[in-house]
Amino acid sequence: MPVPIRARRRDEEHRAATPLELFFDLCFVVAIAQAGRQLADALTEGHPGHGLAGYLMLFFAIWWAWMNFSWFSSAYDTDDPLYRVVTLVQMAGVLILAAGVPRAFESDFTLVWCGFVVMRLAMVTQWLRAAYGSRGPERRTALSYALGVTVCQVGWLGLLLLPKGAVPLVFVLVGALELAVPGLAERGWQTSWHAGHIAERYGLFTIIVLGETIAAATLAVQSALDAHDAPGRLLPLAGGGLLLVFAAYWIYFAVPIHRHLHTNRQAFLWGYGHYLVFGSAAAIGAGIEVAVRESVGRADLSAYGAAACVTVPGALFLCTVWLIHSRHHKRGTAQQLVLPVSALLVLACTFAGRAAVPAAGLVAAATVAVGVHLTSRQGATPAE
């Protein structure tokens with residue numbers, strides 16, 4: 001007999017991420033690193049269209065698989081032996097997907113699809129357990145999730161069976177269906193996700209992505225120093241990149257976002273918006289790697305093009321964090337304008353060429369300083 005799992009309470013006290021969830025998140029570092037490396041290679045070789053298209057599709061797969069698990073675990077995590085085993089199977093799927101990322105950039109999605117199917121079938125198993133342990137509208141919601149995930153996974157077969165030219169169409173159509181499944185499934189019953197827990201899970205994943213960004217940039221600087229011994233050109237890049245990432249951390253964690261997550265509509269908009277938050281944060285690391293390569297003559301693009309590889313995702317991160325995250329806790333016009341203006345200034349740093357990364361880092365640091373000053377002066381909730 002299968003062992004049912006029961007929904008956890010939304011008002012549960014002292015709810016925190018579990019070691020299993022942290023272990024699960026760490027497996028995604030491999031996939032994120034692979035996607036970032038492929039993006040950096042494509043940008044360095046002067047193929048931005050190919051690189052961005054592949055990165056957006058692969059990062060969607062990574063982000064969506066993480067999302068599915070995180071929201072389910074917030075509502076139903078029992079941490080019993082069967083739950084742990086199924087989660088470990090999902091982690092194996094993540095690693096298979098990560099191994100297939102380089103081939104996927106060359107339009108061979110076989111390994112990525114296999115890894116995705118391992119994760120998604122494990123997710124279906126979890127939803128069926130939830131359905132077995134519930135009744136009425138809650139049961140219908142769990143079964144709707146199981147059916148929706150299965151249908152979408154069949155849809156992804158189009159990546160393998162249809163001509164390569166159909167890949168963008170498959171991605172748009174099936175991706176839209178994936179995004180629609182939670183809204184459709186929860187029309188009659190809302191799963192009991194925990195606002196504080198889910199906010200913590202997103203925060204921890206943000207730290208992982210920013211950590212991968214720092215790791216990618218550090219390896220790029222180390223490699224360039226070993227090959228070219230040009231500290232005068234590379235150390236300012238490293239310093240500017242660090243300032244940008246440190247500021248991104250400060251800005252993201254300045255607000256207690258769990259106080260905003262009251263309804264499914266608020267939570268879905270916030271959760272879905274993190275595709276751009278996570279994707280842009282990881283792309284900053286790839287951009288710094290491109291800028292490092294260009295500074296030592298190993299990139300097939302201009303200094304301004306290399307600069308844009310850092311400033312565009314940096315500006316996108318600031319703008320998206322403000323739009324879905326920070327603005328809900330800001331008071332007054334001055335505080336509301338800090339991040340949008342900073343995003344424009346970071347974007348303007350593109351025209352500084354090889355000085356763009358240090359300049360963007362200084363802008364980001366100034367953004368934090370201005371935000372802290374405004375907060376202390378107005379006595380508001382701590383915000384950037």
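Student: Is Asp25 buried or exposed, and what is its relative accessible area?
Tutor: The model is predicted: local features need pLDDT of at least 70, side-chain atom pairs count only at pLDDT 80 or more, and totals for chains, interfaces and linings use all residues. Residues are numbered from 1 along each chain as its sequence is written, and side-chain values use heavy atoms, leaving out hydrogens and water. Buried means under 20% relative accessible area, exposed over 50%, and partly exposed in between (1.4 Å probe, protein chains only). Asp25 is buried, its relative accessible area being 0%.

Student: Which residue meets Asp25 in a salt bridge?
Tutor: A salt bridge places a side-chain nitrogen of Lys or Arg within 4 Å of a carboxyl oxygen of Asp or Glu. The N to O distance for Asp25 is 2.5 Å, and the partner is Arg201.

Student: Why does the pair Asp25 and Arg201 tie together parts that are apart in sequence?
Tutor: Helices are DSSP runs (H or I, at least four residues), numbered from the N terminus. Asp25 lies in helix 1 (residues 19-44) and Arg201 in helix 8 (residues 195-228), so the parts tied together are 176 residues apart in sequence.

Student: Which residues do salt bridges that share partners join into one network?
Tutor: Arg201 is buried, with a relative accessible area of 0%. The network consists of Glu21, Asp25 and Arg201.

Student: How many salt bridges does the structure hold?
Tutor: Another of them links Arg8 with Glu12, with the closest N and O atoms 2.6 Å apart. The structure holds 10.

Terms used:
Helices (H or I, at least four residues) and strands (E, at least two) are DSSP runs, numbered from the N terminus.
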